[in-house]
Amino acid sequence: MANDSNKFQAIISHCKEYGFIFPSSEIYDGLQAVYDYGQMGSELKKNIKDYWWKSMTQLQDNIVGIDAAIFMHPTVWKASGHIDNFNDPMIDNKDSNKRYRVDHLIEGFAEEQSAMGNEQLANDVLATMEVMLAKDDFAGLKKLIEDNNIKCAISGTRNWSDIRQFNLMFSTQIGSVAGEEENSIVYLRPETAQGIFVNFLNVQKTGRMKIPFGIAQTGKAFRNEIVARQFIFRMREFEQMEMQFFVRPGTEGEWYQYWKKTRLEWHLSLGFDPAKFRYHDHLKLAHYAKEACDIEFEFPIGFKEVEGIHSRTDFDLKQHQEFSKKKLQYFDNDIDPVTGKPFGNYIPYVVETSIGLDRMFLLVMSSAYEEQDLGTAERADSRVVLKLPNQLAPVKLAILPLVKKDGLPEIAKKIMDDCRSSFRCFYEEKDTIGKRYRRMDAIGTPFCVTVDQQTKEDNTVTIRHRDSMEQERVGIEKIKEIVQASL
Ligand code: ATP
């Protein structure tokens, strides 16, 4: 269980210092587990979202995207099971009144034990917990906490309440008079998936989609997380990128394996270290799932879920069919080789891929952030560099005139004008060139070009590569090509 809290804190500070992420409403001391993306962060986030969107829609033959509303008819959440089942088991410490998610409390204990070298105990406790969670065995979980002397971090006592379920959905009122009627309650969606299910037939019919096909969407989701810490890893307002793949019943096992593999390949296509990823197959399945796994990444706070792949059966469509009294079926006119007749009408099965955009952002940052000592015997030196995949970097090219005079800014601005419609550029003339390079390293800009006196003579510039810091002399006309080839 690698745990590098210094690195995690350094990333949080870096995100703030360079305009990636700010606490929400910071001048009012922030709002717990809610964050704003700054000028660099919003670009990086958008680039991650675009990369996902393109690979999940444009590069697929049979997946289309939608953009459903956050508010939905309240019965959606009754049908989906969220009103009854979207709970986390919680336990309160009676002395400090602090509430804990049971799995987090036990995982924290296991982490401590493993850090102290008691790996066997840590693994045993985690395995027991998984089995008990799968059976909703709350008395057993409480006993596990007591038997292992797990204490509250605040009061230091073991005075625990019984374990209770806590619903994670936020609600509000729709209409002019709040609270007047019970049916004016609406929920802020806790997942984007239901917007896809309720539009299944709209998209299938208007898009003339033939099974197997997928519907993708990105958008905000809201969960009243009790243990909301760890920066953007666990937020109360966050963004999801989800895809529901509708398949013929009986083929869901193959498609589940296909998407499990394909989604891991997507992560690796960004050049991240494969050793930092692993699958975690679920023992405790959500109320709708047949098979489920997480793709976990080794964050500085340990291996944690970044994406879930779930075989959701026909649960959701069936429930919506029952609650809405509208048929949500598909007519499959392909021939069944067994009967020699068309497969006919059925409710499709669904395999879902669901990734948190903010968690992906944290993954990208965790893997890109590097502190390097560049000191020599003569002189101390260091830099912080974000080795971002070039496709995701907020700025692709910095254009830097060596000095603010002699016509160099004019040449630099001309390069800027030539490149800015193709990719995002940044122009800067303040400070020494060394300081400007460091600032670009810190926001992950893959290329810097410097315009100097020689440029005036032979139309060449130096182009500096972020990761190697190597510089080469190239003709101005080559700049755009070099940057584009790397994206
Ligand atoms: P966890 O076990 O961490 O609470 P989950 O299994 O409830 O997550 P899912 O319902 O499968 O998560 O949601 C799919 C994805 O949405 C997760 O893999 C994660 O990347 C993201 N996600 C879920 N909850 C949050 C949150 N509170 N903050 C940020 N991202 C989240």
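Buried means under 20% relative accessible area, exposed means over 50%, and partly exposed lies in between (1.4 Å probe, protein chains only). This is a predicted model, in which local features need pLDDT of at least 70, side-chain atom pairs count only at pLDDT 80 or more, and totals for chains, interfaces and linings use all residues. Residues are numbered from 1 along each chain as its sequence is written, and side-chain values use heavy atoms, without hydrogens and water.

**Stop 1: a helix.** Select Trp 255 and Tyr 258. Both lie in helix α10 (residues 252-268), 3 residues apart, about one turn of the helix. Helices (H or I, at least four residues) and strands (E, at least two) are DSSP runs, numbered from the N terminus. Trp 255 is partly exposed, at 23% relative accessible area. Tyr 258 is partly exposed too, at 39%.

**Stop 2: ring pairs.** Rings of Phe, Tyr and Trp (its six-membered ring) pair if their centres lie within 6.5 Å; planes under 30 degrees apart are stacked, over 60 edge-to-face, the rest tilted. The whole structure holds 18 aromatic pairs. Now select Phe 233 and Phe 299. Their centres are 5.5 Å apart and their planes at 80 degrees, so the pair is edge-to-face. Phe 233 sits in the loop between β9 (213-222) and β10 (237-247), Phe 299 in strand β12 (residues 291-299), 66 residues apart. Phe 233 is buried at 5%, and Phe 299 is buried at 2%.

**Stop 3: charge over ring.** The test is NZ of Lys or CZ of Arg within 6 Å of the ring centre and within 35 degrees of the ring normal. Select Arg 248: its charged end sits over the ring of Phe 343, 3.7 Å from the centre.
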